[in-house]
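This report covers how the two parts of one protein chain meet. The sequence and the model come first.

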Amino acid sequence: MYNEKAYALGANRSCIRDLFEYGQQRAAIVGKENVYDYSLGNPSIPSPAAVNDAIRAILSDTDSLAVHGYTSAVGDLQTRQAIADDLNSRYNAGVLPQELFIGCGAAPELCAVFKTLAVPGAEFLVIAPFFPEYRPWVEETGATLRVVPADIPNFQIDLNAVEQMLTPNTCALILNSPNNPSGTVYTAHTLTALADLLTKKSEEYGHPIYIVADEPYRELAYDGVEVPFIPTIYKNTIVCYSYSKSLSLPGERIGYVYVPGGATDSAALYAAIAGAARALGHVCAPSLWQKVIARCAGLRPDLEAYDRNRKALYEGLLAAGYETAKPDGAFYLFVKAPGGDAVAFSEKAKKKDLLLVPGDGFGCPGYFRVCYCVSFEMIQKSLPVFASLIQDL
Ligand code: PLP
């Protein structure tokens, strides 16, 4: 006997992983340089050198038992203090170390927060297009995920649609900005209007509607575009942050949850998140990486390579006749599929060894995602292939 739901999740592989593995197989046959794999969001810029320097320094000047031992479940105080100091210096947000819970990256942090908020009958809203893993994570808690249709073509937030979908059972709205897959950054204007709506509805329903802000891409914004720190706009925001993309550390599993002291039921929420994480098997975040973050919380990525890719691809695709959302952040372009059917278009592209992810899984059919954390050479070589696909229609 085994759990059928778990089996289905494991057996039905993600379309992105399938594409990625297909790309590896093709590379073995036609050569890596002839496969244009835009499927997977694995960072392509190395971590800042200071990260590796910090590891070396920690290994040489810290007692080995302390480096590799368990830490407190909520994380080392020095790490939480360093993160609080960094957030306060950037956003003047009054963050305290006891409001931070050090987790193993955004994925398990979100699972703990969803479990915390999922009272019986709870509904979570998410704005399309959205990261597909939210669905299994929310549904695992017994709650329902309801999708607010995309605000096409700008991929901000359609507030009328949000208002229509809010119910007394809505416990939270999941926001991801800069967004995977659209690359959009929600503006302060959009977020302020959303905050007003949620405040009004929270009062009407007699309970808070939280924003769960999923922020692995917070540091990845271009052309000076500002990524608002949502707790300064809406107090009932729970932030799930990750260093996977900002410091190119996706395999190391480190991030944090921030529960603002001013949020409704803040202390109880924090305790419940720690409890939910515990029930999900959290013991502590990797000890070495907590110590690295204690030294490196203020580091920012050097975005030059992503920015160069972004511009080349954006301009190249527009010149070839494609339509796409303005890619202000993260490392994705979300492009309208010529002909309207993104699955069919991606299949055609696949025949030319160009690997694109259809937007259907992100709740936004008719678009495909292009991950530009790749080499610049690949972008240059692939642009004629993109152009030929549109000409062949
Ligand atoms: N949320 C979004 C929007 C993502 O794109 C990802 C990873 O790609 C995650 C969460 C999970 O990130 P982490 O590696 O921090 O678990």
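The protein chain splits into domain 1 (4-47 + 302-391) and domain 2 (50-296), with bounds taken from an automatic or database domain assignment. The model is predicted: local features need pLDDT of at least 70, side-chain atom pairs count only at pLDDT 80 or more, and totals for chains, interfaces and linings use all residues. Residues are numbered from 1 along each chain as its sequence is written, and side-chain values use heavy atoms, with hydrogens and water left out.

**The interface between the domains**

| Item | Value |
|---|---|
| Distance between the C-alpha centres of domain 1 and domain 2 | 26 Å |
| Area buried between domain 1 and domain 2 | about 2,400 Å² |
| Closest N and O atoms of D223 and R310 | 3.0 Å |

Buried area is the accessible area (1.4 Å probe) that two parts lose on being put together, summed over both. Of the area between domain 1 and domain 2, 62% is on carbon and sulfur atoms. S47, D328 and F362 supply 23% of what domain 1 buries against domain 2, more than any other three residues.

In terms of contact (heavy atoms within 4.5 Å), 30 residues of domain 1 touch 33 residues of domain 2.

One salt bridge is found across the interface of domain 1 and domain 2; the rule asks for a side-chain nitrogen of Lys or Arg within 4 Å of a carboxyl oxygen of Asp or Glu. D223 and R310 form a salt bridge.
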